[in-house]
Amino acid sequence: MNSKADRIILILFLLVSAGLFFVPGFVESEYVLRLITMVIFWVGIAGCWNIMSGYTGYIDFGPVVYFGIGSYVNAIAMTKYSLAFFPSLFLSGVLSAVVALIIGIPTLRLKGAYFAIATFAFAEAMKQITLEFDRTFKVSFFQGSDGITLPISGYDNAFFFYCILPVTFLVMLTHYFIEHSKFGYGLKAIKEAEIGAEISGVNTTAIKLRAYITSAFFLGLFGAIEAYWITYITPSEVFNVQKTVQMVIMTLLGGMGTFLGPIVGATFLTLLSESLGTRFVEYYLIMIGAIIIVAILIMPSGIIGTLKIRKRLRFI
Amino acid sequence: MDAVLVQAIINGLLLGGVYAAYSAGFSLIFGVMGVVNLAHGELIMLGAFTSYWLFQFFNLDPYFSAPFAMVFLFSFGYLVQRFILNRVMGLPHIMSYILTFGLHLMVANIAIKIWTHDFRSITTSYSGANAAILGLNIPYARLITFVVALFVTWGLWFFLMKTETGRAIRATAQDKEVARLMGVDIRNIYAITFGLGAAITGLSGAVISPFVIISPEMGLEYTIIAFCVVVLGGMGYIPGALVGGLTLGVAQSLAATYLNAGVSVAITFIILFMMLVIRPTGILGKGNIA
Amino acid sequence: MTGLKCDKISMKFGALSAVQMVSFSLNPGEILGMIGPNGAGKTTLFNCIIGILKPTSGKIYLNDADVTGMKPHKICRMGMAKTSQIMQPFMTMTVFENVLVGALHGAQLKMGQARRETEKVMELVQLTEHADKLSNSIPVPARRRLELARALASGANILLLDENMAGLNPHEIDEALKILKKIRDSGKSLIVVEHIMRAVMGISDRIIALNYGAKIAEGFPEEVVNNEAVIKAYLGEKLSSLKVA
């Protein structure tokens with residue numbers, strides 16, 4: 001047990017988190033604050049994907065669905081039922097988790113590509129349903145492609161920074177917990193050999209479901225926060241498969257099933273897209289494609305995963 | 001039966017035949033290598049563009065450009081497998097999904113760079129012409145494509161069943177270690193398989209070019225339909241692509257006729273999800289479960 | 001009664017009967033050998049007992065409780081574990097962590113207790129020296145013991161060992177047999193599937209023989225190996241007249 005390196009990482013993680021708490025007080029530029037917020041936001045979201053797919057090896061191609069559900073629950077609760085933001089935020093997380101429970105039970109029996117395609121299909125189906133529901137049933141609920149405008153918050157970027165930071169902190173704390181708990185060993189055992197795990201007493205169904213629901217709960221929170229932040233949502237935007245792709249690629253670049261993976265991957269890619277994406281718009285996606293291919297070919301375990309193997313590091 | 005219903009079913013079958021043709025390659029690639037090819041739609045796009053440019057420059061009929069599309073995409077697919085995908089074949093399958101996704105991004109966006117976002121179409125002498133039979137309209141182009149599609153799917157099946165290479169491919173799909181011991185060059189067979197899958201997909205792209213909108217961004221939609229067709233028919237089971245294609249074609253056509261086009265897309269995904277959860281081996285129950 | 005009792009278990013895959021009406025029981029503290037040619041249905045029978053497969057018909061009782069068709073993790077927690085013929089260690093985990101999974105999830109111990117239990121088990125099967133190595137980096141005999149350790153750590157009283165000595169040399173087999181005896185002496189019962197006759201003969205209190213999915217003989221080791229049907233099954237019709245003394 002590499003408990004010394006472990007403790008150092010935990011302390012560093014807590015220090016950085018605590019340090020981040022003071023960032024809005026020091027950063028003058030709205031642009032920089034917004035950028036830092038985006039990085040933390042993506043670390044959290046990539047982390048959600050890592051909790052489920054990184055640790056169990058079940059590749060979820062539809063995590064964005066829980067982000068979208070969170071956005072819509074929040075939007076509808078605030079506009080149609082005049083709920084205040086924080087109760088509405090909590091409700092968004094809970095309902096995302098409930099949907100994950102209902103969908104997870106049948107879906108998590110599937111393996112490999114079947115699970116990946118099923119999750120993808122569910123996410124796209126939800127997008128289409130929110131788009132077409134009102135028109136088909138002659139009601140005004142999801143407001144289809146017109147989208148929903150949320151009440152203007154009147155809050156500045158710092159407010160949203162303080163909404164996002166604790167959620168990301170909790171997501172990463174969950175990672176740390178996974179690395180050190182019975183639950184985490186169960187997840188990793190499933191990834192390595194599911195039948196082997198089952199005959200060693202791991203309740204594989206329950207453990208996978210727990211990871212799936214946890215991930216959905218946090219994604220629901222992120223979706224709700226973003227909806228309130230940008231104040232206008234449409235199905236094509238919140239259920240955009242591009243978000244899924246981002247989560248997957250960030251985690252993969254950083255290292256699947258590692259604590260630092262989503263942090264490194266999301267920071268790297270967010271900053272990259274910020275610097276290249278604006279300057280070389282036309283070539284940006286070509287470059288991302290090339291980076292993905294090269295990264296997989298030279299370090300299939302991601303940056304942290306490769307470090308872990310080379311340096312025989314453990315809990316990072 | 002009323003004419004609207006019959007027309008909807010016929011439209012669905014014509015559509016489904018095409019779905020079958022371009023999904024067969026997807027199924028083949030999954031069945032042999034376990035690769036979910038997320039760049040599948042780009043193969044169709046490249047096939048369609050091959051036909052488009054041959055038509056523009058040489059006024060070659062889209063149906064006659066099919067062999068060129070096949071050769072071009074066979075080479076493309078062979079090289080992709082040989083130099084990129086083969087390197088991750090022993091790793092978890094997600095690596096191949098992500099690699100093909102990277103490929104999708106690159107190919108689609110390079111195509112945008114070269115050919116812009118413009119929508120294009122090929123206007124032939126028979127574009128828009130219909131055969132009127134018993135009060136039903138059957139567009140010539142779709143009918144020809146339907147026949148070609150059936151022939152292609154059958155041709156692929158025949159190739160796999162009756163030729164030496166086909167046998168080697170099937171042996172590799174069943175047990176690559178044993179195939180290796182029997183002297184099959186696995187890496188070469190993988191490359192040939194991907195090339196073959198790409199070739200018939202490119203061919204499909206060429207033969208649908210007379211009646212679809214051609215643009216560098218057309219790919220993703222086709223990838224998703226291929227997903228659905230292949231799941232319905234049973235993943236990795238080639239004749240299943242026909243069953244899946246026809247089923248999906250008819251379902252979509254009925255939904256579009258009686259509801260609206262948006263609902264038809266929703267139904268595609270709901271069918272896909274339900275099918276995976278309830279019967280992942282496909283309608284015929286012959287898909288291979290990893 | 002404590003122990004395991006199988007009552008007329010059959011397992012069909014389509015038209016193929018992999019296991020046919022097999023009944024037997026395992027008494028506490030007993031080592032039961034199971035022999036039979038390749039394809040006799042031994043692994044399938046194990047998979048039915050442990051819950052990986054649901055038998056087509058028949059009942060399995062563990063300590064008098066009907067466990068037929070239960071999920072493997074439940075059966076494991078009720079005190080029965082299996083080691084696989086094809087080793088499935090959790091590759092990227094250390095040897096210690098592999099065993100820890102059994103103690104945490106199978107025996108349902110708290111982390112601290114689970115660690116102590118893991119250490120104890122690792123000492124019993126002589127794995128302590130490998131504790132911090134990755135499980136895919138240790139030699140085959142150690143990997144075989146790792147499978148054993150994981151099963152033991154899950155708190156099982158009944159262990160099903162599917163060719164746990166495959167790939168070992170004679171010296172390693174002797175070592176393995178010593179460990180199995182130690183495990184038995186600590187109060188566990190074992191079913192041992194093995195091709196190596198010397199190993200099965202040396203350790204088993206009783207032996208049952210399977211062929212084409214059916215039980216063809218049961219009894220003390222000497223009885224079973226001299227049984228006509230068993231010899232036929234192993235050597236084929238023509239050679240059966242040669243009689244093994």
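Strand β1 (residues 4-13) of chain C pairs with β2(C) in the antiparallel sense over seven bridges; two strands count as paired if DSSP finds at least two bridges between them. Helices (H or I, at least four residues) and strands (E, at least two) are DSSP runs, numbered from the N terminus. This is a predicted model, in which local features need pLDDT of at least 70 and side-chain atom pairs count only at pLDDT 80 or more, while totals for chains, interfaces and linings use all residues. Residues are numbered from 1 along each chain as its sequence is written, and chains are lettered from A and ligands numbered from 1 in the order in which they are written.

Among the bridges between these two strands, C:I9 has C:V22 of β2(C) as its partner, and C:K5 has C:S25 of β2(C). The two strands form a hairpin with two residues between them. In its turn, C:G14 has a positive phi of about 60°. Strands of a sheet pair through backbone hydrogen bonds, either parallel or antiparallel.

The mean pLDDT of chain C is 88, and 95% of its residues reach 70 or more. Within chain C, confidence is highest in α2(C), at 95, and lowest in helix α9 (residues 228-235), at a mean of 81. Over residues 237-245 of chain C the pLDDT is below 50, and this stretch has eight contacts in the model beyond near neighbours in sequence. Two residues are in contact if their C-beta atoms, placed from the backbone, lie within 7 Å. For the model, ipTM is 0.88 and pTM is 0.89.

Chain A has 15 helices and two strands. Its C-alpha atoms fill a box of roughly 55 × 50 × 40 Å along the principal axes. The radius of gyration is taken over C-alpha atoms, and the globule rule is 2.2 Å times the number of residues to the power 0.38. With 316 residues, a compact globule would therefore have a radius near 20 Å; chain A has 19 Å, which agrees. Of the 316 residues of chain A, 53% count as buried. A residue is buried if 20 or more other C-beta atoms lie within 10 Å of its own, exposed if 12 or fewer, and partly exposed in between, with C-beta atoms placed from the backbone. Among contacts in chain A between residues at least 6 apart in sequence, 76% join residues at least 24 apart.

The expected span of a helix is 1.5 Å times one less than its number of residues. For the 27 residues of helix α10 (residues 204-230) of chain A this gives 39 Å, and the end C-alpha atoms are 39 Å apart, which agrees. In α10(A), 21 of the 27 residues are buried, so this helix is largely enclosed by the rest of the structure. After α10(A) comes A:T231, whose phi is positive, near 60°. Helix α14 (residues 281-298) of chain A has 18 residues, which should span 26 Å; its end C-alpha atoms are 26 Å apart, in agreement. The buried residues in α14(A) are A:L285, A:I288, A:G289, A:I292 and A:I296. Their cover includes α12 (241-254) of chain A together with α4 (93-115) of chain B.

That last helix leads to the interfaces. Of the two pairs of chains in contact, chains A and B share the most contacts. This contact takes 36 residues from chain B and 35 residues from chain A. On the side of chain B that touches chain A, the elements giving two or more residues are α4, α9 (219-233) and α11 (261-278) of chain B. The most comes from α4(B), with 14 residues. By class, this side of chain B has 30 nonpolar, four polar and two charged residues. Ala, Val, Leu, Ile, Met, Phe, Trp, Tyr, Cys and Pro count as nonpolar, Asp, Glu, Lys and Arg as charged, and the others, Gly among them, as polar.

Chain B and chain C do not touch, and their nearest C-alpha atoms are 13 Å apart.

Methods: pLDDT is the predictor's confidence in each residue, from 0 to 100.
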